[in-house]
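Here is a note on the model shown below. Please keep the structure open while reading the numbered points.

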Amino acid sequence: MALGANGYGTTARVLHWLVAALILAMIPVGVIMVREGLDRGFQDALFIFHKNVGSLLIALVALRLVWRLTHPPAPLPAHLPGWQRRAAGLSHLALYVLMVAMPLSGYVRVRAGGFPIEALDAIGLPTLVPRSEALADAASALHQGAAWALLAVLALHVGAGLHHALILRDGVWQRIWPPRARP
């Protein structure tokens, strides 16, 4: 699980792609579940999925943060211009802030609204926020605003990654992509 000489170690790569897959699954579910006219059973299933995967994301993002702070990646390649280094740093910071804000604001919205989070209830985790419609409404507004910001930063992040992978082919993408097995 050591750090790769030119990028991220195995643990960081697994955490990156696991969190990415879960976030990408959460986006369409979050959009669809609030639509009017859905079958109630289907809508409930989407809400349950969204709340419980959001709870899982809180733990995985916390683990990612701890891992990142204790296992920094190798420096970016020397050929990258300074503006790209700064943009990469700022976009990663924004992603981490949003990956924390999204599930926490969702948690507060649900718990302050008096709703269950089935997985957390099943393990006996107590509700950590008081019931309050005003708090639920504020958390909902934060969750929705952060969702739009996350979509924008994700588009930038994915676009930059694909630019490095498909156009520049400069090794930046390989820093996080799972390494290929060698024959």
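At which residues does UniProt place the feature "transmembrane region"? The UniProt record, an unreviewed entry, places it at residues 14–34, 46–67 and 87–108. UniProt positions are given in the numbering used here, feature names are shortened, and annotations may be inferred rather than shown by experiment.

1. Basis of the note. This is a predicted model, in which local features need pLDDT of at least 70 and side-chain atom pairs count only at pLDDT 80 or more, while totals for chains, interfaces and linings use all residues. Residues are numbered from 1 along each chain as its sequence is written, and side-chain values use heavy atoms, with hydrogens and water left out.

2. Overall make-up. The protein chain has five helices and zero strands, and its pattern along the sequence is α-α-α-α-α. Helices (H or I, at least four residues) and strands (E, at least two) are DSSP runs, numbered from the N terminus. The C-alpha trace spans about 50 × 30 × 30 Å along its principal axes. Of the 183 residues in the chain, 35% are buried; buried means under 20% relative accessible area, exposed over 50%, and partly exposed in between (1.4 Å probe, protein chains only). Taking contacts between residues at least 6 apart in sequence, 67% join residues at least 24 apart, where contact means heavy atoms within 4.5 Å.

3. The annotated spans. The unreviewed UniProt entry also gives the feature "domain: Cytochrome b561 bacterial/Ni-hydrogenase" at residues 8–178. That span is 74% helix and 0% strand, and its end C-alpha atoms lie 9 Å apart. For residues 14–34, the end C-alpha atoms lie 31 Å apart, with 90% helix and 0% strand. For residues 87–108, the end C-alpha atoms lie 31 Å apart, with 100% helix and 0% strand.

4. Packing of α2 and α3. Helix α2 (residues 40–70) packs against helix α3 (residues 82–112) at an angle of about 145 degrees, and their axes are 9 Å apart. Axes here are lines fitted to C-alpha atoms, for helices over the stretch in contact, and angles run from 0 to 180 degrees between N-to-C directions. The crossing of α2 and α3 is left-handed, a term used if the near helix is turned anticlockwise from the far one by less than a right angle (right-handed if clockwise).

5. Residues of that packing. Which residues make the contact of α2 with α3? From α2 they are Lys51, Gly54, Ile58, Val61, Arg64, Leu65 and Arg68; from α3 they are His92, Tyr96, Met99, Val100, Pro103, Leu104, Tyr107 and Val110. These residues divide into 10 nonpolar, two polar and three charged. Ala, Val, Leu, Ile, Met, Phe, Trp, Tyr, Cys and Pro count as nonpolar, Asp, Glu, Lys and Arg as charged, and the others, Gly among them, as polar.

6. Glutamate 118. Glutamate 118 is in helix α4 (residues 118–122) and is partly exposed, at 28% relative accessibility. Leaving aside neighbours within four places in sequence, glutamate 118 is in contact with Ile48, Lys51 and Asn52.

7. Phenylalanine 47. Helix α2 also holds phenylalanine 47. Is phenylalanine 47 buried, exposed or partly exposed? Phenylalanine 47 is partly exposed, because its relative accessible area is 31%. Apart from neighbours within four places in sequence, it is in contact with Met33 and Val34.

8. Alanine 136. Alanine 136 lies in helix α5 (residues 133–168). Alanine 136 counts as buried because its relative accessibility is 0%. Not counting residues up to four places away in sequence, it touches Arg109, Ala112 and Gly113.

9. Arginine 169. Arginine 169 sits in the segment after α5. Although it is not a glycine, arginine 169 has a positive phi of about 50 degrees. Arginine 169 is exposed, with a relative accessible area of 64%.

10. Aromatic rings. The count of aromatic pairs comes to three. Rings of Phe, Tyr and Trp (its six-membered ring) pair if their centres lie within 6.5 Å; planes under 30 degrees apart count as stacked, over 60 as edge-to-face and the rest as tilted. Ring pairs link Trp17, Trp173 and Trp177 into a cluster.
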